[in-house]
Structures are given as structure tokens and as C-alpha cells.
Amino acid sequence: RKHHRAAPSDRSGRVSEVLILLFGESAAAPVRWAFLGPDGIRHADTAEGPDALAALARRAAEADLVAAVLPGEQVAMRVMPSPPRVASKFKAAAMYLLEDELAESLEALHISVVRREDHGCAFAVKTSLMEEWRDFFDVSGIHPDIMTADFALLNRGASEGVIVFQPRRIVCAVNDQGFAVERPLADAS
């Protein structure tokens, strides 16, 4: 007879849980999702669209964290060695850096910044794509606490790199920098 251990809970007696949403190339692509707890994956599946994902909205609202993970091919990232200390100036500097490097207007980019101990990171996603995701979240009734790129989640040390080979793509992270690329492009190099 197996003994089942009760899932860990917070002080209120509620079971702690995180929902991870792994998005595809567009809002029309299936979304892989998983509820995770301290004991591992509790439930995982694929939703064919926001209506199918809506069935999880109540449970998602009770989760400690809802994280949306975008494919790295959709996110541009740049490291800023000495970002301004004032948050508004940091974001403004990131906006102009990314506008120049990506040759896109500021109106066409959704930009967010993250401060690290000794540098900053700037992330950019096309505004049109962010609007697609906002519409997707409105229909599904699930609203993430954070949205990030898959390469930003790879665990690595200060002098280590991680490369993940998938059948159709490669995801790479070194220090606080990362990217993703389709396999045919990478394999041809």
C-alpha cells in the first residue's frame, strides 16, 4: 500500500501552485500549460485556443503565480552595462537603444526592462503581438503575473551557457543574454 503525502500549503491551508503557459508562434497556436507545485507537475495539457484555456481560469486565479512564456524568436534582448538609476530614464534609454538596433519605431515595440546587480536587461516585443496576447488573455480569463521569453528562464551560472536543441529550434542562454532561432537557420551556419 502506497502512502500519499499531502501537498504543501501556505498558512491559510491553500495548496501552493504555479501555472506555466508555454505559447507558440502566435495567439492562434496551441498553448501548452502545466500547474506545478512543490511536489512537481500536478496537471498538464495543451489548449487549442483561449476558449479551451478558459476552463482553467478559476484554478489559475487561485495560483500563486501565472507565468506566460513566449518563444524567444519573438523577443529581442539587449544588455545595458550601466543603466540609469532612475526607472523612467532606464526605460527611456532602453527604448532608444532598441529602436536604433531593431530599426523599428517606438510605437511598434513593447519594451520592458529588468535591473540586475551590475547591469540592466531590455526586452522588446512587437506591439501588434502584445495586443494579440492581451486579446487572448481577455478571452481566456487568465491574466499572467509575468510574461517572459523562454531563453530568460534557462538556469545558468555567471560563466556558464545553456543550449537546448529541439527538433525545430535552438534556445541559448549565456550569462544574462539569450536568444532562440529556428533549426534550419542554425544548422545551415
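## Helix H4 and Ser-140

Ser-140 has its place in helix H4, which spans residues 127–140; helices (H or I, at least four residues) and strands (E, at least two) are DSSP runs, numbered from the N terminus. The model is a predicted one, in which local features need pLDDT of at least 70 and side-chain atom pairs count only at pLDDT 80 or more, while totals for chains, interfaces and linings use all residues. Residues are numbered from 1 along each chain as its sequence is written, and side-chain values use heavy atoms, with hydrogens and water left out.

Is Ser-140 buried or exposed? Ser-140 counts as buried because its relative accessibility is 2%; buried means under 20% relative accessible area, exposed over 50%, and partly exposed in between (1.4 Å probe, protein chains only). Ser-140 and Leu-56 are 84 residues apart along the chain, and their C-alpha atoms are separated by 8.4 Å.

Asp-138 is also placed in helix H4. With 54% relative accessibility, Asp-138 counts as exposed. Asp-138 gathers with Glu-131, Glu-132 and Asp-135 in a surface patch of negative charge. Patches are made of residues with over 30% relative accessible area and no salt bridge; like charges are joined within 9 Å, and nonpolar side chains (Val, Leu, Ile, Met, Phe, Trp, Tyr) within 5 Å. Lys and Arg count as positive and Asp and Glu as negative, while His and the chain ends are not counted. The place of a charge is taken as NZ of Lys, CZ of Arg, CG of Asp or CD of Glu. Accessible areas come from the Shrake-Rupley method with a 1.4 Å probe, and for residues only the protein chains shown count as cover.

## Nonpolar core

The largest nonpolar core has 33 residues, and the members that touch the most others are Leu-21, Phe-23 and Ile-142. Such a core is a set of buried Ala, Val, Leu, Ile, Met, Phe, Trp, Tyr and Cys residues joined through side-chain atoms within 4.5 Å. Two or more residues come from each of strands S1 (18–22), S2 (31–37), S4 (65–70), S7 (120–126) and S10 (169–174), and from helices H2 (57–62) and H4. H4 gives the largest share, five residues.

Ala-34 lies in strand S2 and counts as buried at 12% relative accessibility. Its C-alpha atom is separated by 8.6 Å from that of Leu-22, 12 residues apart along the chain.

Gly-24 is in the loop between S1 and S2. This glycine is buried, with a relative accessible area of 17%.

## Salt bridges

Side chains of opposite charge can pair when their charged atoms come close. How many salt bridges does a search of the whole structure find? The search finds seven, a salt bridge being a side-chain nitrogen of Lys or Arg within 4 Å of a carboxyl oxygen of Asp or Glu. In one of them, the side chains of Arg-42 and Glu-17 meet at 3.5 Å, N to O. This pair links distant parts of the chain, 25 residues apart: Arg-42 is in strand S3 (residues 40–47) and Glu-17 in the segment before S1. Arg-42 is partly exposed, with a relative accessible area of 23%, whereas Glu-17 counts as buried at 10% relative accessibility.

Arg-42 also forms a salt bridge with Asp-39, with the closest N and O atoms 3.0 Å apart. Asp-39 counts as partly exposed at 44% relative accessibility. Another salt bridge joins the side chains of Arg-78 and Glu-101 (2.3 Å, N to O). Here too the pair links distant parts of the chain, with Arg-78 in strand S5 (residues 76–80) and Glu-101 in helix H3, 23 residues apart. Arg-78 counts as partly exposed at 25% relative accessibility, and Glu-101 as partly exposed at 44%. Salt bridges that share partners join Glu-17, Asp-39, Arg-42 and Arg-59 into one network.

## Two loop residues

Ala-103 is found in the loop between helix H3 (87–102) and strand S6 (109–115). Although Ala-103 is not a glycine, its phi is positive, at about 55°. Ala-103 is exposed, with a relative accessible area of 70%.

Gln-166 is in the loop between strand S9 (161–165) and S10, and counts as partly exposed at 29% relative accessibility. The C-alpha atoms of Gln-166 and Glu-182 are separated by 9.2 Å, the two residues being 16 apart along the chain.
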